[in-house]
Amino acid sequence: MSDYPQRVTDSFNERKRLIRLRRKKENLRFWEEFRIIPRWLMALVAILYVLALVIAITVNLAASRNGNDMFPPDLRDNPALASLALAGLVTAASLGLAIMIFFLAYVNRDASRRGMSAALWTILVIILLPAWGFIGFVIYFLMREPLPYPCPQCGNTVGARFNFCPNCKCNLHPSCSQCKREVAETDKFCPNCGNDLKMSSSAVEISAQRSVE
Ligand SMILES: [Zn+2]
Ligand SMILES: [Zn+2]
């Protein structure tokens, strides 16, 4: 009775270790990740940026002809410099906005790629954005499920939550034959009791039975 919370903590730690292991294998690279953001969205953001630039400069030049533009008098005499300064301001603002939009698009695509609820996570991140800034993204990156990965036996793509490969019935969550704790398929020895996992060939069968329970 008293050791129940302890066992829950243990299995939670085991699960975390396996998720970390799986994540490390994902080996994500920034530019490859960037590519999951849809092309049309990048084009749209670029078009909007150019549009904002053109509108801002046109409006400011028109205003400066009437003598009421947004810049101090010494810049007013130099429309080229004023336009350049304005372009800088618009670029800075657009850059911040674009980063936000790309992050949202990434969360949306990445969540659906990982079999998570894309709509739910996108909405959550948007809701947190005004008050908490990027905390929604941080929560997402901490909570996200591992990517689907190839089955260690047949190479068929399996989800991170699968217990068995649907193609070859390979046990995807093998456990130690001695202490019955879950181990990663790459472990040579059990991290809990030190049992030699390669020696006990029956481990797969035993863990298969355990997973069914
Ligand atoms: Zn398989
Ligand atoms: Zn063990």
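## Helix axes and what this model is

Axes here are lines fitted to C-alpha atoms, for helices over the stretch in contact, and angles run from 0 to 180 degrees between N-to-C directions. This is a predicted model, where local features need pLDDT of at least 70 and side-chain atom pairs count only at pLDDT 80 or more, while totals for chains, interfaces and linings use all residues. Residues are numbered from 1 along each chain as its sequence is written, and chains are lettered from A and ligands numbered from 1 in the order in which they are written.

## The overall layout

The chain has eight helices and two strands, counting DSSP runs numbered from the N terminus: H or I of at least four residues for helices, E of at least two for strands. Walk along the sequence and you get α-α-α-α-α-α-α-β-β-α.

Of the 213 residues, 10% count as buried. Buried means that 20 or more other C-beta atoms lie within 10 Å of the residue's own; 12 or fewer is exposed, in between is partly exposed, and the C-beta atoms are placed from the backbone. As for contacts (C-beta atoms, placed from the backbone, within 7 Å), residues 24 or more positions apart account for 38% of those with a separation of 6 or more.

## α5 against α6

The axes of α5 and α6 come within 8 Å and cross at roughly 150°. That makes α5 roughly antiparallel to α6; the cut-offs are under 35 degrees for roughly parallel, over 145 for roughly antiparallel, 65 to 115 for roughly perpendicular, and oblique for the rest.

On the α5 side, the contact uses L104, V107, N108, A111 and S112, and α6 answers with A118, W121, T122, V125 and I126. Sorted by class, that is seven nonpolar, three polar and no charged residues. The classes are simple: Ala, Val, Leu, Ile, Met, Phe, Trp, Tyr, Cys and Pro are nonpolar, Asp, Glu, Lys and Arg are charged, and the others, Gly among them, are polar.

## α3 against α5

Helix α3 (residues 39-65) packs on α5 at about 155°, with the axes 9 Å apart. α3 and α5 are therefore roughly antiparallel to each other, and α3 passes α5 in a right-handed crossing. Among the residues making the contact are L41, V45, Y49 and L53 of α3 and P79, L86, V90 and I101 of α5. By class, the α3 contact with α5 has 16 nonpolar, four polar and no charged residues.

Helix α7 (residues 135-143) packs with α6 at an angle of about 140°, axes 7 Å apart. That makes α6 oblique to α7. From α6 come W121, L124, V125, L128, L129 and W132, meeting I135, G136, F137 and Y140 of α7. The tally is nine nonpolar, one polar and no charged residues.

A nonpolar core is a set of buried Ala, Val, Leu, Ile, Met, Phe, Trp, Tyr and Cys residues joined through C-beta atoms within 7 Å. The largest one here has five residues: V107, A111, W121, V125 and Y140. α5 (79-113) and α6 (118-132) are the elements that give two or more residues to this core. Y140 touches V107, W121 and V125, leaving out residues up to four places away in sequence.

A184 sits in the loop between β2 (157-158) and α8 (203-212). With 17 C-beta neighbours inside 10 Å, A184 counts as partly exposed. Beyond its neighbours within four places in sequence, A184 is in contact with L18 and L21. A184 and P174, ten residues apart in sequence, are 6.8 Å apart C-alpha to C-alpha.

Most residues other than glycine have a negative phi. K169 has a positive phi, near 65°, and K180 has one of about 70°. K169 is in the loop between β2 and α8, and K180 is in the loop between β2 and α8 too. K169 is exposed, with 12 C-beta neighbours inside 10 Å, and K180 is partly exposed, with 13 other C-beta atoms within 10 Å.

T157 lies in strand β2 and is partly exposed, with 13 other C-beta atoms within 10 Å. Leaving aside neighbours within four places in sequence, T157 is in contact with P148 and P150.

Note on methods. Contact = placed C-beta atoms within 7 Å. Left-handed = near helix turned anticlockwise from the far one by under 90°.
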